[in-house]
Amino acid sequence: METELKDIYLKAFRTMLTSRLFDKKAMKLIKQGKSFFFISGAGHEAPQVAFGMFYNSKNDFAFPYYRDIAFNLSVGVTPYDLFLSLLGKKDDYFSGGRQLPTHYGAKHLNIVSQSSSTGMQYLQAVGVAHSIKFKGDKGVVYVSGGEGSTSEGEFFEAVNWASREKVPVVFVIENNNYAISVPFEKQGGAKNVGLLDHFAGYENLLKLKCDGTDFIESLQVMEVAYKHALEVGEPVIVEANVVRLESHSSSDDQRKYRPIEELYEQQEKDPIKILQEYLEHCEIVTHEEIQKIYNQIEDEIDEAAEKALIALDPEPESAIKYVFDENPPKLNFREPKYLSENKIVMVDAINHALKEELDKNSSVLVFGEDVEDDKGGVFTATKGLSTKFGTNRVFNSPLAEASIVGTAIGMALNGLKPVVEIQFGDYIWTAYMQIRNELSTFRYRSNNHWPSPVVIRTPVGGYIHGGLCHSQNIEAFFTHIPGIYIVYPSNAEDAKGLLKTAIRLNDPVLFLEHKGLYRNALASTLEPDDEYLIPFGKAKIVKEGSDLTIITYGLMVYEVIKAAEKFINQGFTIEIIDLRTLVPLDFDAIEKSIKKTNKVLIIHEDTLFSGFGGEISAQISEKLFENLDAPVLRVGAKDTPIPYAPNLENFILPSRKDIETKIEYLLKY
Amino acid sequence: MIYEIKMPKMGESLTEGTLIKWHKKIGEFVKKDEPLFDIATDKVDTEIPSPYEGFLVEILVEESKTVPIDTVVAKISSEQLDLIDITQGNNKTYDEIEENSSQIIIRQEEKNEIAAIETNAKNNNKRFLSPLVKSIMQKEYISYDEIKDIKGSGIDGRITKNDILEYIKNKKDASKFDYYSRGIEFVKTEDLDELVYEMDNMRSKIAKNMVISRDNAVHVSEITEVDVTDIINYIEKNKKSFEENYGVKLTFTAFVVDVVSKALRQFPLLNASLDGNKIIEKKYINLGIAIALEPNGLAVPNIKNADQLNLIGLAKKLDDIKIRAKNKKLTMDDFQNGTFTITNYGVFDTLFGTPIINFPEVAILGVGAVKKRVVVKTLNEIDTIQIRSMVYLSLSHDHRLIDGMLGGKFLKYVKDELENYKLNLM
């Protein structure tokens with residue numbers, strides 16, 4: 001046997017054994033109360049180390065799932081690094097002690113920060129692969145997962161997108177036959193076919209299978225997989241059949257649900273045992289030498305653990321850092337210069353903002369459902385853009401919202417600036433997992449190493465006879481999430497200035513556009529220039545007054561202006577605040593106004609119960625109690641879905657009369 | 001027999017009078033010459049003694065109403081009458097019943113009015129005040145009692161921001177005339193370099209209180225000299241450990257407060273007030289402490305039940321009110337029901353003063369600066385010259401109640417207690 005190959009085998013053996021002994025030590029530390037959670041990789045080591053042999057941390061990216069201890073060790077993570085994470089220490093570079101153990105991430109090795117929501121990583125990996133192809137780079141994205149996670153719709157979406165776009169990603173499915181306690185045959189309805197058979201129709205997808213307990217076979221298959229992705233630039237899926245030697249996690253006991261015979265039988269399939277026997281059989285190494293290697297690694301592991309145990313803990317105050325970018329780009333905020341004397345409608349202002357930013361920054365990509373010409377978006381917000389910038393940069397996505405956000409995250413992780421469209425806010429919910437658990441946590445969970453600055457635009461709002469699923473206001477679901485900015489403009493000028501700022505920041509932004517304002521003359525303004533940016537967290541005083549403050553945003557701004565007119569004519573003065581951004585909230589503006597008027601009315605189109613107005617009201621009560629000369633009142637939609645028939649819809653959504661009644665009450669109070 | 005009571009003519013030129021207060025309620029028995037009501041006229045304000053004996057059966061003029069001289073303001077009956085409501089199943093007219101004259105009549109509208117007044121009074125007690133109105137009141141030192149008669153312009157008579165601001169403005173205007181310049185108008189004859197501006201509320205309140213005190217209490221001051229060397233040495237020696245142990249500074253004032261609380265137990269008349277000819281001896285000792293506020297103000301919060309606190313407790317209380325006074329965090333409660341006041345102008349290096357009583361209290365103790373002086377002490381029947389820490393204490397008291405003897409005894413007691421203070425608190 002060639003020396004080179006012997007060295008590779010021996011190196012692999014050492015890595016696999018290190019992984020296994022780390023595993024054992026980790027469980028010991030948990031039983032000693034030094035850590036609280038661990039997921040074993042025992043039985044999974046071979047395919048991980050096999051792929052790690054080819055991984056190039058300069059050009060490739062990795063999304064190793066929680067059983068991938070051996071993969072991490074094979075590409076440069078050390079046992080000490082693993083212990084720092086296990087013990088939640090300050091110098092843990094996976095997350096700085098923020099994430100559960102076994103959630104990997106190393107910027108210097110291009111290992112992307114992983115979350116617990118298994119299955120979500122596939123779309124992000126495809127997004128990175130898409131960005132590699134877009135940039136013309138040469139690299140491969142490794143993404144692994146258990147067979148259980150393939151039941152998530154996002155897995156199918158990811159394979160679908162990768163095949164459609166032909167991008168260099170390798171999906172490695174480590175099939176140990178158990179998703180915690182549920183065996184593979186109980187996961188789905190397709191009987192007597194393997195995982196790969198599900199993708200029979202995907203011609204661009206290379207489908208490979210290996211015995212993941214056999215390192216030699218795994219190495220051969222992974223070589224094919226890696227080289228195909230790298231050289232051909234197309235996706236590969238590998239199903240590696242492995243064994244799960246330990247329980248699902250430190251919180252689980254597999255003896256409670258797996259047959260005892262099976263547990264004994266699988267000991268024979270222990271990949272380390274198999275490789276050891278092979279090495280001894282080929283006389284690459286003697287049994288005594290193996291024993292020596294074992295003792296040596298065990299000492300190294302103990303030493304690393306001791307060192308990590310006395311390492312510094314993170315400072316408690318550090319826990320509030322990196323929700324958002326703490327060093328945002330210095331943007332030049334100034335007064336607008338107007339391009340002409342003609343007004344433009346809000347949807348055109350949005351279109352122009354996209355066009356200008358696509359023009360100024362080649363990293364900007366725009367995609368979503370129906371955004372390409374000649375349709376140019378169902379509301380024409382993207383009209384003309386694919387014609388001008390090509391379908392590489394402006395393109396249609398499949399009809400899959402999780403795909404849109406998931407791949408956008410991946411692209412952003414690799415330095416692109418995706419500005420995606422969700423066709424209606426009412427359909428954003430399939431992407432909610434990607435937004436809640438992934439997009440808005442990336443910077444935080446990676447301790448500032450992996451920002452994911454995606455801009456999501458979506459039309460919202462009612463009064464257009466759109467029924468239950470074309471009328472929703474969705475802001476309250478998102479303002480509750482730490483780590484994502486929420487913008488809600490009320491006119492063309494603000495929409496343009498705010499969208500351009502959103503695209504230039506390094507944080508995720510949800511940009512809400514009211515359908516009723518797209519072509520509304522009330523929201524039309526002169527068009528500001530291409531460098532006009534509006535800072536986030538600066539509300540606009542639409543009207544000054546001293547008898548009452550009204551806080552609102554979006555379409556409601558105009559209802560409020562009209563309702564207030566009646567009382568202004570009677571001699572009252574009413575201050576109207578258009579928040580423009582809900583996160584960050586300009587509480588300074590609210591405070592300044594209430595200290596003057598001492599009365600406040602909060603108005604939004606969304607339903608009242610747990611609505612965003614509740615948050616504003618709570619903050620006012622907490623911070624301005626002694627400045628209140630009247631109760632804090634709100635106007636919002638009734639707590640129902642939004643019905644279709646105009647008279648039903650009008651009954652549910654806030655009316656001018658509702659607003660007038662509350663204004664009158666507060667003025668008299 | 002029914003007697004009519006009329007608005008009296010209290011001066012040759014008078015044509016009308018204002019009924020200020022009724023001392024009796026309808027149905028109540030009144031003796032001849034017993035105070036029946038108070039009136040105010042342009043010339044005099046006075047109590048009117050009842051010209052007859054009997055039961056007050058009708059009140060025709062409400063409080064604070066002004067009526068012409070000779071208007072019948074009330075009726076008194078020589079016999080006790082039953083109370084009958086003419087709206088309740090009695091068909092007789094008011095006149096008939098009056099002629100019959102064996103019953104007290106309350107006309108329906110009067111009854112409504114009384115009910116309305118009662119409801120109002122009830123509502124006023126539990127009257128809702130918005131957080132803003134409350135915070136304005138606190139800043140301006142306005143009590144709940146003070147505003148209970150304001151009629152609010154908000155929904156259901158709520159006192160709005162504008163109502164309370166208006167009230168404060170009017171009050172300032174009123175106090176300017178009554179208490180600051182006493183009606184003397186300053187006529188500006190030439191353009192002099194003068195700065196003219198409104199008093200703030202605190203200043204006008206101080207001005208008002210000073211005038212009230214001067215006009216009511218008969219001030220007299222007595223001064224004694226106290227040797228406080230032992231206390232001063234003790235403070236010097238223990239100030240560090242005291243602050244470490246209790247978190248506040250040990251001050252000379254704390255000792256004075258302690259001794260004065262004890263003295264007030266010994267001399268309860270100095271812890272009293274006068275209400276006309278009545279002496280109100282207070283069983284609680286709430287010691288007021290005058291606190292100077294920059295740039296030109298004064299607050300006198302009091303330490304409640306000061307006699308129940310030891311020196312440590314007093315030091316803490318003193319520190320607490322001082323800090324809250326500086327931060328404007330004192331509440332109405334801090335000012336209410338004071339019984340005696342201590343003012344320490346010694347902090348400004350003043351030797352002694354003649355302080356003005358914090359009316360309706362009857363005495364105030366002024367504390368001067370502690371100075372080292374050469375004094376003659378007799379040791380073993382030999383006169384010696386010693387350097388001692390000395391302080392002058394001034395007691396101003398209301399001579400209507402407290403004469404020189406009581407004032408002197410009180411001062412002597414305080415002096416003896418301070419000079420022989422048991423210094424063993426650590």
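When I say strand or helix, I mean DSSP runs numbered from the N terminus: helices are H or I with at least four residues, strands are E with at least two. And two strands pair if DSSP finds at least two bridges between them. Along this pairing, A:I551 stands opposite A:I602 in β20(A).

Quick housekeeping. This is a predicted model, where local features need pLDDT of at least 70, side-chain atom pairs count only at pLDDT 80 or more, and totals for chains, interfaces and linings use all residues. Residues are numbered from 1 along each chain as its sequence is written, while chains are lettered from A and ligands numbered from 1 in the order in which they are written.

Back to the sheet. β17 and β20 belong to an open sheet of five strands in chain A, ordered β16-β18-β17-β20-β21, with mixed pairing. At the edges you find β16 (540-543) and β21 (633-637) of chain A, each with a single partner strand, so one side of each has no neighbour in the sheet. On average, neighbouring strands here are turned by 25° against each other, direction ignored. Helix α20(A) packs on this sheet and touches β17, β20 and β21 of chain A, its direction making about 155° with that of β20(A). For those angles, axes are lines fitted to C-alpha atoms, for helices over the stretch in contact, and angles run from 0 to 180 degrees between N-to-C directions. Contact, here and later, means that C-beta atoms, placed from the backbone, lie within 7 Å.

Which helix holds A:G614? That would be α20, residues 612-624 of chain A. A:G614 is partly exposed, because 17 other C-beta atoms lie within 10 Å. The cut-offs: buried is 20 or more other C-beta atoms within 10 Å of a residue's own, exposed is 12 or fewer, partly exposed is in between, again with C-beta atoms placed from the backbone. A:G614 and A:A476 are 138 residues apart along the chain, with their C-alpha atoms separated by 9.6 Å.

Zooming out on chain A, the assignment gives domain 1 (3-317), domain 2 (338-528) and domain 3 (541-668); bounds like these come from an automatic or database domain assignment. The centres of domain 1 and domain 3 of chain A, over C-alpha atoms, are 53 Å apart.

How many residues of chain A are in contact with chain B? Nine, and they meet ten residues of chain B. The chain A side of that has four nonpolar, two polar and three charged residues. In that scheme Ala, Val, Leu, Ile, Met, Phe, Trp, Tyr, Cys and Pro are nonpolar, Asp, Glu, Lys and Arg are charged, and the others, Gly among them, are polar.

On to chain B, which has eleven helices and 21 strands. Of its 426 residues, 24% are buried. Its domains are domain 1 (2-116), domain 2 (127-216) and domain 3 (218-419). Between the centres of domain 2 and domain 3 of chain B there are 31 Å, over C-alpha atoms. Their contact takes twelve residues from domain 2 and nine residues from domain 3 of chain B. On the domain 2 side, the elements giving two or more residues are α3 and α6 (201-216) of chain B, and α6(B) brings the largest share, nine residues.

Now α3 itself, residues 131-139 of chain B: its buried residues are B:L132, B:V133, B:I136 and B:M137. Down the axis of α3(B) these fall within an arc of 135°, so they line one face of the helix; the arc is that of the directions from the helix axis to the C-beta atoms.

Buried or exposed: what about strand β18, residues 340-344 of chain B? Five of its five residues are buried, so β18(B) is largely enclosed by the rest of the structure. B:F340, B:I342 and B:N344 cover one side, with B:T341 and B:T343 on the other. β18(B) runs parallel to strand β14 (residues 287-289) of chain B, joined by three bridges, and B:L287 has B:F340 as its bridge partner. With strand β19 (residues 363-367) of chain B, β18(B) pairs in the parallel sense over four bridges; there, B:I342 partners B:L365.

Last stop, B:I385 in strand β21, residues 382-398 of chain B. B:I385 is exposed, with 8 other C-beta atoms within 10 Å.

How values were computed. Contact = placed C-beta atoms within 7 Å.
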